[in-house]
Amino acid sequence: MSTTTHHETTIAANPDLPTIEIVREFDAPPAAVFRAHVEPELVKKWLGPRRLEMEIVTWDARTGGEYRYVHRDDQGEYRFYGSFHEVRPGERIVQTFTWEGVPDGVALETITFEDLGDGRTRLRGVSVFDSKEARDMALSSGMEVGVNEGYERLDELLTAEK
Amino acid sequence: MEDRLSRVFAALADPIRRDMVARLAVADATVNELAEPYAVTVQAVSKHLKVLEDAGLVSRSRQAQRRPVHLEAEVFDLMTKWIERYRREAEQRYQRLDAVLAELADDSESQTQTREEDAS
C-alpha cells in the first residue's frame with residue numbers, strides 16, 4: 001500500500017451490544033498518532049466537527065487525569081468532559097466521555113494504536129455505552145432522526161452495498 | 001420518514017426476522033418456505049412477516065396462490081444513510097488528523113534539517 005492511499009474509516013455498531021467500533025489507518029507512526037491525541041494544541045486541530053469551534057478548558061492527558069472542552073456554533077454550546085483512566089504512550093488511551101446535555105450518560109472509550117510498520121498505524125476506538133438506546137442516540141446525534149430500537153449489522157450492510 | 005426508519009430498526013431487532021431478511025436477500029420465498037427452518041408455527045412466521053411488511057422491508061406479490069415474499073432492498077439505503085452520516089463525520093475528523101500528522105512529520109524533518117545546517 002502506498003502512502004498516497006486514501007484510508008477508509010470503518011464503523012461497526014453491533015446489534016447485540018451497546019458499542020461502536022471505529023477502525024482507521026494512518027500514514028504516521030504510533031508515537032505521532034498518540035501525540036495528536038494527548039497534546040491539546042494538536043487535538044484542537046482535528047477533534048471537533050469542522051463547523052464547530054473547539055475550546056479546551058482542561059486537558060490533562062495522563063493516567064488519572066481529566067479533560068473538559070466546549071464546542072460552539074451559532075446554535076449554542078456543547079460541553080463535554082471525562083477522565084483519562086489510562087494513558088499508555090504510543091499504545092493506548094482509556095477514557096470516559098460524557099456530553100453535559102445527557103449528564104446521566106457516560107461512554108467508556110478505549111483507543112489503541114497498532115504499529116503496522118513502515119511508519120503506519122492502525123487506530124481502533126471502541127466506545128461502550130450504558131445502553132443500546134444511548135449508543136443509537138450517539139450515532140444519530142446531529143440528525144433529525146431519533147432511533148431507539150433495533151439493529152442490524154450495519155457494517156455488513158455497508159459492505160454489501162459496495 | 002423518521003418513523004419509517006424507527007420501524008425498520010425495530011423490525012430488525014428480532015433475530016428470526018433478521019434471519020428471514022438474510023434468506024430473502026438470496027431469493028423470494030413463500031411463507032411455508034420461510035417457516036421451514038424454525039421451530040415456530042406458520043402463524044408466528046406470518047406475524048413476523050407482517051412486522052417486516054409494515055416496516056416496508058418486504059412485500060407480497062399477488063401471484064395466484066403462491067404469493068412469494070420479496071425483499072425491498074432499497075429500504076436498507078435508509079439505514080445505510082443513517083450510519084453513513086456518522087461515518088462521514090468520523091472520516092472528516094480523521095482527515096484533519098491526517099493533516100495534523102503530516103504537519104508533525106514536516107516539523108520533525110525541518111528540525112532535523114536545521115540541526116544538520118547548524119552542524120555544518
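Because the model is predicted, local features are reported only at pLDDT of at least 70 and side-chain atom pairs only at pLDDT 80 or more, whereas totals for chains, interfaces and linings use all residues. Residues are numbered from 1 along each chain as its sequence is written, chains are lettered from A and ligands numbered from 1 in the order in which they are written, and side-chain values rest on heavy atoms, with hydrogens and water left out.

Chain A contains 4 helices and 8 strands, where helices (H or I, at least four residues) and strands (E, at least two) are DSSP runs numbered from the N terminus. Read from the N terminus, the order of these elements is β-β-α-α-β-β-β-β-β-β-α-α. Of the 162 residues in chain A, 43% are buried, a term that denotes under 20% relative accessible area, with exposed meaning over 50% and partly exposed the range in between (1.4 Å probe, protein chains only). Among the contacts in chain A with a separation of 6 or more, 35% involve residues 24 or more positions apart, contact being defined as heavy atoms within 4.5 Å.

A:F34 has a relative accessibility of 9% and, when residues up to four places away in sequence are not counted, touches A:V87, A:R88, A:P89, A:G90, A:E91, A:R92, A:I93 and A:F113. The C-alpha atoms of A:F34 and A:I111 lie 9.6 Å apart, although these residues are separated by 77 residues in sequence.

A:W59, located in strand 3 (residues 53-59) of chain A, is likewise buried, at a relative accessible area of 18%. Beyond its neighbours within four places in sequence, A:W59 is in contact with A:H37, A:V38, A:P40, A:V43, A:E66, A:Y67, A:Y69 and A:F84. For A:W59 and A:Y69, which are 10 residues apart along the chain, the separation between C-alpha atoms is 8.2 Å.

On the surface, A:W99, A:V102 and A:M137 form a nonpolar patch with about 260 Å² of accessible area together. Patches consist of residues with over 30% relative accessible area and no salt bridge, in which like charges are joined within 9 Å and nonpolar side chains (Val, Leu, Ile, Met, Phe, Trp, Tyr) within 5 Å; a salt bridge is a side-chain nitrogen of Lys or Arg within 4 Å of a carboxyl oxygen of Asp or Glu. A:W99 belongs to strand 6 (residues 92-99) of chain A and is partly exposed, with a relative accessible area of 36%.

Most residues other than glycine have a negative phi. A:D118, which is not a glycine, has a positive phi of about 55°; this residue occupies the loop between strand 7 (107-117) and strand 8 (120-128) of chain A and is exposed, at 79% relative accessibility.

In chain B, helix 2 (residues 15-26) and helix 4 (residues 42-54) pack at an angle of about 75°, with their axes 10 Å apart. The two helices are therefore roughly perpendicular, a class covering angles of 65 to 115 degrees, while those under 35 count as roughly parallel, those over 145 as roughly antiparallel and the rest as oblique. Axes are lines fitted to C-alpha atoms, for helices over the stretch in contact, and angles run from 0 to 180 degrees between N-to-C directions. At this packing, B:I16, B:R17, B:M20 and B:V21 of helix 2 meet B:V45, B:H48, B:L49, B:V51 and B:L52 of helix 4.

Notes: Areas by Shrake-Rupley, 256 points an atom, 1.4 Å probe, with all protein chains shown as cover.
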